[in-house]
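Student: Hi! Could we go through this model together, starting with the ligand?
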Amino acid sequence: EGLNYHGLVEDCYCEYETVDRINVEVLYPVLQQIVNYPFFRYFKVKLGCDCPFWPDDSMCYSRDCGVCDCPENQFPETFRKPSGTGLSSDKLVCQEEKPEAAVNRTVDAKAFKGWMEVDNPWTNDDETDNAEMTYVDLQLNHERNTGYTGPSARRIWDAIYLENCHKYPSEDCQEKRILYKLISGLHSSISIHIAAEYHFEEETNMWGQNLSLMYDRVLKYPDRVRNLYFTFLFVLRSVIKAKDYLEQADYDTGNPSEDMNTQLSLKKLLNDHELLSACPKPFDEAKLWKGQSGPELMKQTQRQFRNISALMDCVGCGKCRLWGKLQVLGLGTALKILFSVNGDEPSGQQLQLQRNEVIASINLLNRLSESVKLVHEMGPLAERIHAGI
Ligand code: FAD
């Protein structure tokens, strides 16, 4: 028996039961495949800690915080440096405590061929700033419990909620609530992943599911569960809306069969009859930013979201920063897809996405899909454990 959520997901056009069904039957299996293909697996990211808001307080004491850079010989061919240029001397120690080779921080012209450099007014990230960027193999760096906690982590969440998305703004308009719900849904998803891969004993290296934590942080609060479903449908809608763009994009990583499969799996996802008939338009973005204050409200929300994006540079744990950046970029991409490229310009203009935006939005959708599945499958047991039955 599933959790007790019925009817339409708030502000959406899809019922909880339908979301669970299409997730388990369609989205989850295909997304799990897609994120394993080379194109979606290597994420270009700046992991340096340069917080624009307060002095760096990195508290990466836990070894589970370390990010494993990709060894160069594992890169897809198009991502590698031309031969002859030596490796950079930076080395990071991987979470499994294997030293890994430093990676190509400079040359990625080939990997980005066919991709535009376009701005995203919703985010603060700049993937063209090559000097400090690195590639990370997302499959080697699971989002899971890292031990990042205490005042440093709390300060980030507080800054996000207090300064950027007030829970119940006086106007209480849908547009403002949406930013709060997106962040809260992402927060739920992060907490679910922490609970799903939890490090129980520092000494014994025991990992497992921590269902009490899942209950205490998410399931106990029905609005956090609802916000997770909302965020999932919001991002799903954006991916469906970007269908034409995503189907035609260049997924070349120098591995023709894998790249072909990437494209085929995406096509399968975006054209799935079951998905499109059960939930054709999970969210209706056309309803927003309508009134007189619409454009101003959109600008204000964009500024707030850019702040949230900049706050990711303050996350004091490498792996959390990696997934925080990826997922906030994914949300920023969803906002860009749904609400046009710029608040000033008429919507309907041609959508252009950066390569990293595509990687982020599909990986975010996958993370949310995993969380929704975990809540659906583990939620009832977590509730029974809590109730002592
Ligand atoms: P927190 O999760 O820190 O929550 C703080 C407060 O926010 C809560 O007390 C509650 O009032 C409110 N809140 C909580 N959840 C919601 C919600 N869904 N909606 C609305 N309000 C809510 N830790 C890891 O182990 N692995 C990671 O990969 C990881 N990634 C992170 C990424 C980012 C961007 C940040 C900021 C932190 C990350 N952390 C990660 C830390 C983790 O999110 C928690 O902050 C930490 O585990 C401490 O949890 P807590 O119980 O104090 O509550």
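Student: Which residues come nearest to the ligand?
Tutor: Ala153, Ile156, Ser184, Cys320 and Gly324 come nearest, out of 22 residues around the ligand; a residue counts as near if its C-beta atom, placed from the backbone, lies within 6 Å of the molecule. Keep in mind that this is a predicted model: local features need pLDDT of at least 70, side-chain atom pairs count only at pLDDT 80 or more, and totals for chains, interfaces and linings use all residues. Residues are numbered from 1 along each chain as its sequence is written.
Student: And which helices supply at least two residues of that shell?
Tutor: Helix H3 (151-164), helix H4 (174-196) and helix H11 (318-338) each do. The largest share, 6 residues, comes from H4. Helices here are DSSP runs of H or I with at least four residues, strands are E runs of at least two, and both are numbered from the N terminus.
Student: New topic: is H6 mostly buried or exposed, and why?
Tutor: H6 is largely enclosed by the rest of the structure, because 15 of its 20 residues are buried. Buried means 20 or more other C-beta atoms within 10 Å of the residue's own, exposed means 12 or fewer, and partly exposed lies in between, with C-beta atoms placed from the backbone.
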